[in-house]
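Take a look at the display, then read on.

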Amino acid sequence: MAVTLRVVAFLAALCAAATSQAVAQSRQAALPNFPITPIALEMGNTRAPLGWADFCRKNSADCDTADGHAREVMITSRSWALLLGINTKVNKEIEPVSDMDHWGIVESWDYPIDGKGDCEDYVLEKRRQLIKAGMPREALLVTVVRDLENEGHAVLTVRTDIGDLVLDNKRQQILPWTATGYRYIKRQSATNPNLWVALGAPDSTTATAAR
C-alpha cells in the first residue's frame, strides 16, 4: 500500500511539473519574439499638429492633464494580449475613410463614434481603449510618420521595456518602430500630451497627419 501511494505521489509530481512547464512555454510563445529595440530618438520640441489642437478643443478632458513622468508598459503575456486585442479590434471595427469624404474638410481628428475614420482616428481610439484598460497614458504616444508611399500617416507608439512598439491601422501585426519602414517625424512628449517632440530632421512638407 505504501509503495502504491509513493508511486501515485511520484506520478502526480511529474504531472504537475509537466503542466507547469507547458503553461510556461505557452506564456512564452504568446510574447513577442523580436529583439529589444532602442527608444526612438527625440530631437527637441516642435509644433503640435493642428489636428491635435482641434481635437483638444472638442475633447478637453482628454488633453487637460498635468505634466507627468515618462512611463513604460511592461510586456507580459497579459499586456501583450491586450495590445494585440485592441489593435486588431479597432482595425476591424472602423471603416477607413478620408476626412474629406467623411466630413467635407481636409483634416479633422476625432473619435470614430460612427465607425468611420482615417489614421488619426484609429490612433485616438486605440489610445482611449488602452488607457481605459489600465495602461499609462504617458506610454501611449500619438506619432506622425511618413509611410512606405512617403505619405503623411499617424500611428500609436507604445513605450515598453523592450523598446517602442507601433500600433498601425495598415497592419494587424505590432512591430518595433525600427521594423516598420516608416520615417518618423514627430510625436507627443511622454510627460505632457500637449507638447510634441521632433523625431529626426523636421519635415515641413509632411501633409495630412502632420498638419
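This is a predicted model: local features need pLDDT of at least 70, side-chain atom pairs count only at pLDDT 80 or more; totals for chains, interfaces and linings use all residues.

Residues are numbered from 1 along each chain as its sequence is written, and side-chain values use heavy atoms, with hydrogens and water left out.

**Aromatic rings**

The structure holds five aromatic pairs; rings of Phe, Tyr and Trp (its six-membered ring) pair if their centres lie within 6.5 Å, and planes under 30 degrees apart count as stacked, over 60 as edge-to-face and the rest as tilted. One of them joins tryptophan 177 and tyrosine 184 edge-to-face, with 5.4 Å centre to centre and 85° between the planes. Elsewhere, Trp52, Phe55, Trp109, Tyr111 and Trp196 form one aromatic cluster. Tyrosine 111 also has a charged neighbour: the charged end of arginine 128 sits over its ring, 3.8 Å from the centre. For such a case, NZ of Lys or CZ of Arg must be within 6 Å of the ring centre and within 35 degrees of the ring normal.

**Salt bridges**

Twelve salt bridges are found in the structure, each a side-chain nitrogen of Lys or Arg within 4 Å of a carboxyl oxygen of Asp or Glu. The table lists some of them.

| Pair | N to O distance |
|---|---|
| Glutamate 138 and arginine 71 | 3.8 Å |
| Arginine 128 and glutamate 125 | 2.6 Å |
| Glutamate 138 and arginine 137 | 3.5 Å |

Salt bridges that share partners also join Asp54, Arg57, Lys58 and Asp110 into one network.

Glutamate 138 is buried at a relative accessible area of 12%, whereas arginine 71 is partly exposed at 44%. Arginine 137 is buried, with a relative accessible area of 12%.

Arginine 128 and glutamate 125 are three residues apart in helix α5, which separates them by about one helical turn. Here arginine 128 is partly exposed, with a relative accessible area of 35%, and glutamate 125 is buried at 11%.

**Helix α5**

How many of the 14 residues of α5 are buried? Eleven are, so α5 is mostly covered; among them are Cys119, Tyr122, Val123 and Leu130. The helix reaches 20 Å from its first C-alpha to its last, close to the 20 Å expected at 1.5 Å a residue, where the expected span is 1.5 Å times one less than the number of residues. After α5 comes glycine 134, with a positive phi near 110°.

**The whole chain**

The chain has five helices and nine strands, where helices (H or I, at least four residues) and strands (E, at least two) are DSSP runs numbered from the N terminus. Their order is α-β-α-α-β-α-β-α-β-β-β-β-β-β from the N terminus on. Of the 211 residues in the chain, 45% are buried. Among contacts (heavy atoms within 4.5 Å) between residues at least 6 apart in sequence, 64% join residues at least 24 apart.

Key:
Buried means under 20% relative accessible area, exposed over 50%, partly exposed in between (1.4 Å probe, protein chains only).
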